[in-house]
Every structure is written in structure tokens, then in C-alpha cells.
Amino acid sequence: MGMSEFYGSHDDAQSIATIHRALDLGCNFLDTADMYGPFKNEELVGRAMRDRRDDVVLATKFGNMRGDDGAFLGISGKPDYVRQACDASLKRLGVDHIDLYYQHRVDRTTPIEDTVGAMADLVRAGKVRHLGLSEAAPQTIRRAHAVHPITALQTEYSLWSRDPEDEILPTVRELGIGFVAYSPIGRGFLSGRFKTIDDLEANDYRRLSPRFQGENFDRNLDLVRRIEEIARSKGVTPAQLAIAWVLSRGDDIVPIPGSKSIAHLEENIAAADIELTPEELARIDEVAPKGVAAGDRYPSMAAVDA
């Protein structure tokens with residue numbers, strides 16, 4: 001996402017080099033969406049993996065509708081839209097199939113059975129291999145899974161976003177669905193790189209995030225300082241500690257940090273080799289219990305299924 005929009009400036013050549021480096025290091029899961037850019041990120045990912053399609057597990061998403069001018073036009077899970085969105089993504093990506101196709105956000109005006117039914121048609125047509133949902137509630141997941149097996153659920157999960165532990169993770173584990181954790185470094189905040197709001201570029205959407213604003217920023221900075229202490233004692237970076245913690249939650253959990261540069265990519269991938277002891281995990285739990293973050297995840301949580 002950050003390679004094309006939302007997180008300040010970007011550089012396509014650097015982004016492609018970063019993707020190539022990821023593949024060289026054995027990172028084979030690339031996650032994009034039609035709304036990123038909008039539309040430009042799929043084209044970027046398509047160019048980056050053109051000669052290495054067989055090395056990639058490719059995931060993209062539909063559902064957040066945007067105009068060519070970037071305007072947000074709402075959420076759709078209507079069957080006709082599902083089919084149109086898939087064909088458009090295939091074209092932009094330059095591929096004949098998508099390995100994992102997510103509904104990016106749940107359309108509350110369209111029965112999930114209708115949406116997943118259309119997605120299942122894409123599987124039967126050979127355009128999609130596996131189906132996923134993003135930010136879906138437990139009952140929605142169950143209803144969707146009854147129509148066609150859901151392979152993965154993608155939801156925000158990190159040291160400051162532990163809500164999935166209550167109902168989401170138990171539900172997907174009961175159903176045998178994998179869990180893809182987005183923003184495992186808390187949109188970069190848990191890395192310790194941001195000390196004031198002015199560390200963000202003027203066009204960075206995180207300036208609108210409740211957790212990056214006012215008193216919430218200062219309270220969350222206290223959390224980061226405690227995480228930094230644990231990371232120092234472990235001899236790792238705060239970002240690596242955050243990713244290692246997500247990885248420690250289970251083999252069925254795949255974190256997807258949004259690395260925009262080779263340096264951050266290499267730092268993040270190294271987290272896979274970090275083993276956290278029971279004592280360290282207990283200390284982390286003490287520092288970052290459920291609900292520790294100040295502020296909501298989004299300016300409006302209305303688009304998150306509940």
C-alpha cells in the first residue's frame with residue numbers, strides 16, 4: 001500500500017527493487033489491493049513480479065470503490081461488481097489468476113452469501129485460487145465459509161491492536177482459516193521512528209489517525225518507549241520485536257509489514273529468526289496488554305464489520 005499511496009512520498013524504482021529483494025530472500029507473499037493508488041499499486045506489483053510469477057503467492061482485494069481521481073465511492077460486494085473488479089485486477093497485474101482474492105471490506109447492503117457466491121464462481125472459472133475476507137466479524141466469517149471455504153482472514157493485529165484475540169482468532173482457528181495480520185508494526189508507530197507528528201510527511205494519511213493525534217500520540221509514545229526497552233535488552237529493533245511477537249502468536253498467523261525500502265525490508269525479515277522466551281513474552285504482555293493503545297484504529301470504524 002505504502003509504495004503507491006497513503007504513507008507520504010514513494011519511488012516506483014525503489015519499490016520494485018524492494019520487491020525483488022524480498023523474493024530473493026524467500027519472502028513470497030505479496031499483498032496488494034485495487035484501491036491502493038488507486039489502481040497503481042497492482043500495476044506496480046505486476047511489473048515487479050512479471051518475470052517471477054511462479055515465485056509469488058499473489059493476493060489482492062476488491063470492495064473499496066474509488067474513482068480515477070482517488071475519490072472514495074463506497075463499499076460493494078455486489079456479484080456483478082465482484083466479477084468486474086476481478087477482471088480489472090487481472091489486467092492491471094498482468095496475470096491469468098490471483099492466488100488469494102479478498103473482499104477488502106464487508107458490504108453490509110449485500111448478503112455475504114451473494115458476494116462469496118460470486119467469488120466462488122471466480123474460483124470455478126480459474127481466475128482465482130483461494131478466497132479471503134478482511135475485517136469481517138465472526139458471524140460473517142461463518143456465513144461466508146458455509147458458501148465456499150475461506151482460506152484467509154486479514155485483520156489488523158499488533159501489540160497495540162489485540163482485539164482479534166477475543167473472538168476473531170478463536171473463530172478462524174475453529175474453521176481452519178489462516179490469519180493475515182496487517183499493520184504488525186502499528187502503521188510504523190511501534191518502530192519508534194516517530195517522535196512527533198511532524199515526523200510524518202504533510203500528505204501522510206496517518207496524520208488523520210486517532211492514535212497519531214494529540215494526547216493519544218503522547219500516550220502511545222510512552223508505550224513505544226517501554227517496547228524499546230525490551231527490544232534493547234533483547235538486542236533487536238522495536239520493529240523486529242513487534243513482528244516477532246505477532247509471529248509468536250501461532251504458526252497460522254502471517255504478518256505483512258509494509259516495507260517501502262530494502263533496509264526496512266531486511267530489518268523486518270530478520271524478525272522471523274527471533275525467538276522470544278516465555279519471560280520476554282510475559283514482559284511484553286505486561287507492557288502491552290489488550291486495549292493499551294490510546295485512540296481508535298481509524299477516524300471512523302463504521303467500515304469495519306462488527
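Q: As what does arginine 187 count, buried or exposed?
A: This is a predicted model in which local features need pLDDT of at least 70 and side-chain atom pairs count only at pLDDT 80 or more, while totals for chains, interfaces and linings use all residues. Residues are numbered from 1 along each chain as its sequence is written, and side-chain values use heavy atoms, without hydrogens and water. Buried means under 20% relative accessible area, exposed over 50% and partly exposed in between, with a 1.4 Å probe and protein chains only. Because its relative accessibility is 6%, arginine 187 counts as buried.

Q: What positive phi does arginine 187 have?
A: Arginine 187 lies in the loop between β8 (178-182) and α7; helices (H or I, at least four residues) and strands (E, at least two) are DSSP runs, numbered from the N terminus. Although arginine 187 is not a glycine, its phi is positive, at about 55 degrees.

Q: Which residue is joined to glycine 37 by a cis peptide bond?
A: The residue is placed in the loop between β1 (29-31) and α2 (40-49). With omega at about -10 degrees, the cis bond joins glycine 37 to proline 38.

Q: Which glycine just after α7 takes a positive phi?
A: The phi is about 80 degrees. The residue is glycine 235.
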